[in-house]
Amino acid sequence: MFTFYTEKFSPPNYVRIFDTTLRDGEQTPGVALNVEQKILIAKQLNKLGVDIIEAGFPAATKGEKEAVKSIKALGLSSKICALSRCKKEDIDAAIDCDVDIIHIFIPTSDIQIKYTIKKSKEEILNIVYESVKYVKEHGFKCLFSAMDATRTDLNFLINVFKTAEEAGTDYINIPDTVGIATPEKMFEIVKTIRKNVKTPIDVHCHNDLGLAVANSIASVLAGADGVQVTVNGLGERAGNASLEQVVTILKYIYGIKTNVKTEYLYETSKLVERLTGVKLMPNYPIVGENAFSHESGIHTHGVVQKPETFEPGIIKPEMVGHKRRIVAGKHSGTHGLEKILKEMGYELSKEQIRIVVDRVKELGDKGKRVTEADLQAIVEDLIGRIQDKKIVELEELAVMTGNKVIPTASVKIKFKDKILIGSDTGVGPVDAAIKAIRSVIKEIEDIKLVEYRLEAISGGSDALASVTVILEDSRGIKATGRAVREDIVMASVEAMIQGINRIFALRER
Ligand code: KIV
Ligand code: ZN
């Protein structure tokens, strides 16, 4: 039992998760996903375990209809839903996609009735009844939304939902379309609707005032059975309630179950970030890069002893598929840096660590972000350049490029006493050479190129090129490789070989 203002309530045991990343999320300004991208996201949402995937709005475009059809054809465990206005032609487009649920909506607030739909309330009730009936007569499950519900006259809203219920809808949805509600208001509306209709209730909260998550949680506490959410809180304007936050709060704060496997939240967020191109702010809760990162000396000292000292504790990074990171910066302390350096494979004396801390703080004071590569450079400078062991050596390299050929590179590499030969193509000679090295080394270890930086040291076409690469192996061990040459391809190849040798050296350590 929890107390919400003056109310006593018992939250439900289970909440249905309706994901609308592919529909409302795609309405994020600047986002447009193609069919293949939508399919990748749908498969990931299915792996995550959402109950319902709103795959799109089939009446909007041909491509959208094709995407919804293709997602339905995947035969995923999550139910597939399509959006439709309360119009026969829209509903027919959703029917054509053979989805599991058709989500129909109509505006119900005075302002939207007056300026958008321009119908009488009586006419709206008729449309609701006829549209739900039409969906049901075609054998589909129906979800009915009263758009702008939170600005709708409450008596009319009750009437609208009762009408949808009479016509046989399977679910009703209360959207806070313009994100104007507060948790108390959502609580009151849901409670009132709950008293008047028996049909399962969803809520759909927008984040215009940053309250979408709080409003969704308050709705569940008031009796909503389902929440409509998006990955990374994408959606119209300021977005929708964040799936990651809603699910984590329900599970770990209120003990309310969902079907979502929270350990996949971070990878889902990353996939959606990559495919939509909408970069998550680092301080985004649960899945943001800084969500479990610590820099300040006081915090890292505590966290190294016991993570709960400066983390919520009840939510650990591994529960959401994330990682705890101690970050080097001007606020760093000895304990934090010692841990980072150990993870990087360096065992330094107390005195050496103190010198690294001073150097990091000095850089921080100059406004520099201290990356792992910088830290590596500082340490190597301090302990004298690591005598790079030649575990991997380049024996031969041949690169072909031109205006009528696909850039291709062939390499012969010596790994210990083995000779490895391979080739690959790329968008240019550097890309081809890097890919050829990676594909040859893959026989031993899958080494990813995390970062590639090219700087021209002097001017002119014969300028010296400095290439820095950051590489990562399958265990998460990272190393940098650097090389300076007049030839960009050779500089890139040497930097790669150096980075690979360092990874193998760190693995041996
Ligand atoms: O925000 C909204 O009202 C919607 C409806 C279509 C449910 O997205
Ligand atoms: Zn919406």
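Which residues surround ligand 1? Select ligand 1 and display its neighbours: Arg23, Asp24, His103, Phe105, Ser145, Met147, Asn173, Pro175, Thr177, His204 and His206, where a neighbour has a heavy atom within 4 Å of the molecule. The model is a predicted one, in which local features need pLDDT of at least 70 and side-chain atom pairs pLDDT 80 or more, while totals for chains, interfaces and linings use all residues. Residues are numbered from 1 along each chain as its sequence is written, chains are lettered from A and ligands numbered from 1 in the order written, and side-chain values use heavy atoms, without hydrogens and water.

Stay with ligand 1 and show its polar contacts (pairs of N or O atoms within 3.5 Å). Arg23 places a polar side-chain atom 3.0 Å from an oxygen atom of the ligand. For His206, a polar side-chain atom is likewise found 3.0 Å from a ligand oxygen. In His204, a side-chain N or O atom is 3.1 Å from an oxygen of ligand 1.

Next, select helix H1 (residues 35–48) and helix H10 (residues 265–276), which pack at about 170 degrees with axes 10 Å apart. Helices are DSSP runs of H or I with at least four residues, numbered from the N terminus; axes are lines fitted to C-alpha atoms over the stretch in contact, and angles between N-to-C directions run from 0 to 180 degrees. H1 is therefore roughly antiparallel to H10, a term for angles over 145 degrees. Contact (heavy atoms within 4.5 Å) involves Leu40, Ile41 and Leu45 of H1, among others, and residues of H10 including Leu271, Val272 and Leu275.

Move on to helix H6 (residues 154–166) and helix H7 (residues 183–196), packed at about 45 degrees with their axes 10 Å apart. On the H6 side, select Leu154, Leu157, Ile158, Phe161, Lys162 and Glu165; they meet Ile189, Thr192, Ile193 and Asn196 of H7.

Finally, select helix H3 (residues 88–96) and helix H5 (residues 121–137). Their axes are 11 Å apart and the packing angle is about 25 degrees, so H3 and H5 are roughly parallel, the term for angles under 35 degrees. Lys88, Ile91, Asp92 and Ile95 of H3 make the contact with Ser131, Tyr134 and Val135 of H5.

Key
Helices (H or I, at least four residues) and strands (E, at least two) are DSSP runs, numbered from the N terminus. Angles under 35 degrees count as roughly parallel, over 145 as roughly antiparallel, 65 to 115 as roughly perpendicular and the rest as oblique. A polar contact is a pair of N or O atoms within 3.5 Å; within protein, one must be able to donate a hydrogen and the other to accept it, and residues adjacent in sequence count only if both atoms are side-chain atoms.
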